[in-house]
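The sequence and model come next.

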Amino acid sequence: MDKQVNIDLNKRYVGKIFQLNTDGGFGFITCHDIPFTRIYFHWSQLIQNTAHFLELKKGDEVEFNAIEVPDKGIRAIKIDVFEPKVENK
């Protein structure tokens, strides 16, 4: 039974990188606003002034738009990687 997910094409979602495949150039994002879904992304959807694909790590926070591709699921586009937070000691 598939859960119906409503995607707002104009909304910027926030999520975390869940899995990366550096050989294939893709990965998956999890997002609280889009529950129960691993959101696919391709390196070509990273915004140019953000981190390079090979610099990404599991757990990195990202902001993105989402689209639904028939028979394939939800895809992240226009992905921006947040700068890592630096803690003062």
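## Salt bridges

The chain has three salt bridges, each defined as a side-chain nitrogen of Lys or Arg within 4 Å of a carboxyl oxygen of Asp or Glu. This is a predicted model: local features need pLDDT of at least 70, side-chain atom pairs count only at pLDDT 80 or more, and totals for chains, interfaces and linings use all residues. Residues are numbered from 1 along each chain as its sequence is written, and side-chain values use heavy atoms, with hydrogens and water left out.

Strands (E, at least two residues) and helices (H or I, at least four) are DSSP runs, numbered from the N terminus. K11 is partly exposed at 31% relative accessible area; D33 is partly exposed at 45%. Here buried means under 20% relative accessible area, exposed over 50%, and partly exposed in between (1.4 Å probe, protein chains only).

E63 pairs with R12 in another salt bridge, the closest N and O atoms being 3.7 Å apart. This link spans 51 residues, from E63 in strand β4 to R12 in the segment before β1. Relative accessibility is 23% for E63, which counts as partly exposed. R12 is also partly exposed, at 29%.

## D60 and its surroundings

K57 and D60 form a salt bridge through their side chains (3.5 Å, N to O). A polar atom of the D60 side chain also lies 2.8 Å from the backbone nitrogen of K57. D60 is located in the loop between β3 and β4. Is D60 buried or exposed? D60 is buried, with a relative accessible area of 16%. K57 is partly exposed at 49%.

Leaving out residues up to four places away in sequence, D60 touches G15, K16, I17 and E55. Contact means heavy atoms within 4.5 Å.

## Strands and turn

The chain contains five strands and zero helices. β4 and β5 pair in the antiparallel sense over seven bridges; pairing requires that DSSP finds at least two bridges between two strands. V62 stands opposite V81 in β5.

β4 and β5 make a hairpin with three residues between them, and D71 in the turn has a positive phi of about 65°. D71 is exposed, with a relative accessible area of 87%. F36, in the loop between β2 (26–30) and β3, also has a positive phi, about 60°, although it is not a glycine. F36 is exposed at 71%. Most residues other than glycine have a negative phi.

## Nonpolar core

The largest nonpolar core has 18 residues, and those with the most contacts inside it are I34, I39, F41 and F64. Such a core is a set of buried Ala, Val, Leu, Ile, Met, Phe, Trp, Tyr and Cys residues joined through side-chain atoms within 4.5 Å. At least two core residues come from each of β1 (13–21), β3 (39–42), β4 (61–69) and β5 (73–81). β5 supplies the largest share, four residues.

I34 is in contact with V5, I7, Y13, I39, A66 and I74, leaving aside neighbours within four places in sequence.

## Whole chain

Of the 89 residues, 30% count as buried. Among contacts with a separation of 6 or more, 52% are between residues 24 or more positions apart.

Methods:
A polar contact is a pair of N or O atoms within 3.5 Å; within protein, one must be able to donate a hydrogen and the other to accept it, and residues adjacent in sequence count only if both atoms are side-chain atoms.
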